[in-house]
Amino acid sequence: MSNPALQTLTLADDLSITRMGYGAMQLTGSGVFGPPKNRTQAIAVLRAAVELGITHIDTSDFYGPAIVNELIKEALHPYPAGLHIVTKVGVRRSANGGWITSLDPADLKAQVHENLRHLGLETLDVVNLRTAAFDGDGSSIAEPFGTLAGLREQGLIRHLGLSGITDAQLTQAQAIAPVVTVQNRYNLVDRADDDLVARCAEEGIAYAAFFPLGGGFHPLRSRILRDVARRLGASEQQVALAWLLQRSPSTVLIPGTSSVAHLRENIAAADLQLPDEAIAELNTIGQ
């Protein structure tokens, strides 16, 4: 079902995604580890996302691990035309749920094949390389990104992206293969990527802001945000998401939820047009 409020962004001839996407990370147990408390509800959220017009689902085989991708396959396979699943590689999980960076070429290849198998696909639409540092430490990504570029040449991946990277790392990757998306932490408060957001818009790269509402450790709390939301008759979360969508024509969002009601509230943010004076107020939060 199409939804005119969900503007699309075309990144390649075969890749147009809704700017309001859905991040499937929360469809697990605590700590993005283990099965969901309510599997039926998790399936319902995934199906509702597609029914409400979202064509951009963000996932990874290290969510669970494997559990989220298996849920996506159960809920949506065979996948409807136009639905694009964006996944990530570069991390493994320990037995107790820890996060272990894994950028070895042989293991990256194994991770790609695991994503293919658990999603029930022969080719992955987009694979993001998740770098070693949470916000990009500037180290070389030539070898791991080159590994994914090789898998793209083999037809296992259609398009490549990056997650948790710096401006210099984007330049380095582009010398190896085209980059269609950058996925970094960015929101009303976390504004370190302002220049990178602008660069992505200039170069036609989707900038996917993760933790658009601050995340569990740093939830957005601001009197200004609260006041703007009250005046507009919207929730603070909706205003924060709408600000991101209006921040740049190439920003895309992947807010997560395990609730259909919350999903609908997030999607409604795509139809919220912030007036100029509200944007000016909100911009002061990150200064």
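Modeller: What follows is a description of the cavities and their linings. This is a predicted model, in which local features need pLDDT of at least 70 and side-chain atom pairs count only at pLDDT 80 or more, while totals for chains, interfaces and linings use all residues. Residues are numbered from 1 along each chain as its sequence is written, and side-chain values use heavy atoms, with hydrogens and water left out.

A cavity here is a set of points, on a 1 Å grid over the protein atoms alone, where a 1.4 Å probe fits but cannot get out, and its lining residues have an atom within 4 Å of a point; the volume is the space filled by probe spheres set on the points, which are joined across faces, edges and corners. There are two cavities of 30 Å³ or more.

The largest cavity has a volume of about 70 Å³, and its lining includes L11, I17, H56, D58, N128 and Q183. Two or more residues of that lining come from each of β2 (15–18), β4 (56–58), β8 (124–130) and β10 (181–185), strands being DSSP runs of E with at least two residues and helices runs of H or I with at least four, numbered from the N terminus. By class, this lining has seven nonpolar, four polar and one charged residues, where Ala, Val, Leu, Ile, Met, Phe, Trp, Tyr, Cys and Pro count as nonpolar, Asp, Glu, Lys and Arg as charged, and the others, Gly among them, as polar.

The second largest cavity holds about 30 Å³ of space and is lined by M20, G21, Y22, I54, P255, L263, N266 and I267. Helix α9 (residues 260–268) gives the most to that lining, with three residues.

Note on methods:
On a 1 Å grid over the protein atoms alone, a cavity is a set of points where a 1.4 Å probe fits but cannot get out, and a pocket is an open set with protein on both sides within 12 Å along at least five of seven lines; lining residues have an atom within 4 Å of a point.
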